[in-house]
Amino acid sequence: MMNRFRKWLYKPKRSDPQLLARFYYADEELNQVAAELDSLDGRKDPQRCTLLVSQFRSCQDNVLNIINQIMDECIPQDRAPRDFCAKFPEEIRHDNLAGQLWFGAECLAAGSIIMNRELESMAMRPLAKELTRSLEDVRGALRDQALRDLNTYTEKMREALRHFDVLFAEFELSYVSAMVPVKSPREYYVQQEVIVLFCETVERALDFGYLTQDMIDDYEPALMFSIPRLAIVCPLLPAHPRTRAGATAHVACRKVAGSSSGALTHPPVSKQGVISALLRPLPELPP
């Protein structure tokens, strides 16, 4: 009775732009769709069921989006790190991912199994249950605060948000890793090393005049093929900071430079000269 009275007395206006007010109505809409979905017999009206499921997931996206905005405002320094998202495939990183994760967590918590991922599903189920409980706590705390004071974030609410953010980040990594191939830390590190090597190679080639800035700016197709070759050959040059001392490297450099018509010993006089030299097959280097 007291809650009904407080809801009638302090209910925020629908037009209020504050985050807690927006959350209150987004969460209310989600509850309405969920209640209708629970009472519907999907076998009798499959089209209505499909429509409600789509609407339900859209409401979940909206609620999570507002919760994220609240966390950015409420606990900006305490957000869980999400550097691992850089390892996700491009097609996975989209605006609806959070809603899909919530839907997946509820399905796992209810006992469902991801197709062809039975072991992963069983391993993630305890985390999914904890995440759904934490999310219910957050929703309850935000609803309660929306009926009290839209301008205040209590410490209890902040703590609930911190706990939820950590669990959601952990579940996000586990769930996506089970669904799609995700590079290991070692693979990601090697990829970053290759990127750095290519960047250093291009900078050095520009300094020595092997390439021109126009070739890079124009995304010269032949140049894109020549950069890996430059990256292979450049470490063999005596002036390169990563050169291995010894006669083998010097012999290899002479053979490579000789086979490339001096492309790596003297700056070429034209773009065509460097491209043709770099695209010739490399001879077999001495062991």
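**Figure 1. Tyr25 and its aromatic partner Tyr24 in the predicted model.** Tyr25 is buried, at 11% relative accessible area. Tyr24 is buried as well, with a value of 5%; under 20% counts as buried. Three aromatic pairs turn up when the whole structure is searched. In the pair formed by Tyr24 and Tyr25, the ring centres lie 5.3 Å apart and the planes meet at 85°, so the arrangement is edge-to-face; the cut-off for that class is over 60 degrees.

**Figure 2. Arg57 over the ring of Phe103.** The charged end of Arg57 is placed over the aromatic ring of Phe103. Its distance from the ring centre is 4.7 Å.

**Figure 3. The largest pocket and its lining.** The space in this pocket amounts to about 320 Å³. Its lining comprises 20 residues, and those nearest the pocket centre are Leu64, Asn68, Asp95, Ala98 and Phe168. At least two lining residues come from each of helix H3 (46-74), helix H4 (97-109) and helix H6 (155-179). The most are given by H3, which supplies six residues.

Figure 4. Mean pLDDT for the chain is 77, and 77% of the residues score at least 70. Over residues 242-287 pLDDT stays under 50. For residues 242-287 the model has 71 contacts beyond four places in sequence.

Definitions and conventions: Residues numbered from 1 in each chain as written. Predicted model: local features only at pLDDT ≥ 70, side-chain atom pairs only at ≥ 80, totals over all residues. Heavy atoms only, no water. Phe/Tyr/Trp six-rings, centres within 6.5 Å; stacked < 30°, edge-to-face > 60°. Buried < 20%, exposed > 50% of the residue type's maximum accessible area, 1.4 Å probe, protein only. Lys NZ or Arg CZ within 6 Å of the ring centre and 35° of its normal. pLDDT = per-residue confidence, 0-100. Contact = heavy atoms within 4.5 Å. 1 Å grid on protein atoms, 1.4 Å probe; cavity = no way out; pocket = protein on both sides within 12 Å on 5 of 7 lines; lining within 4 Å. Points joined across faces, edges and corners; volume = space filled by probe spheres on them. Helix = DSSP H or I, 4+ residues; strand = E, 2+ residues; numbered from the N terminus.
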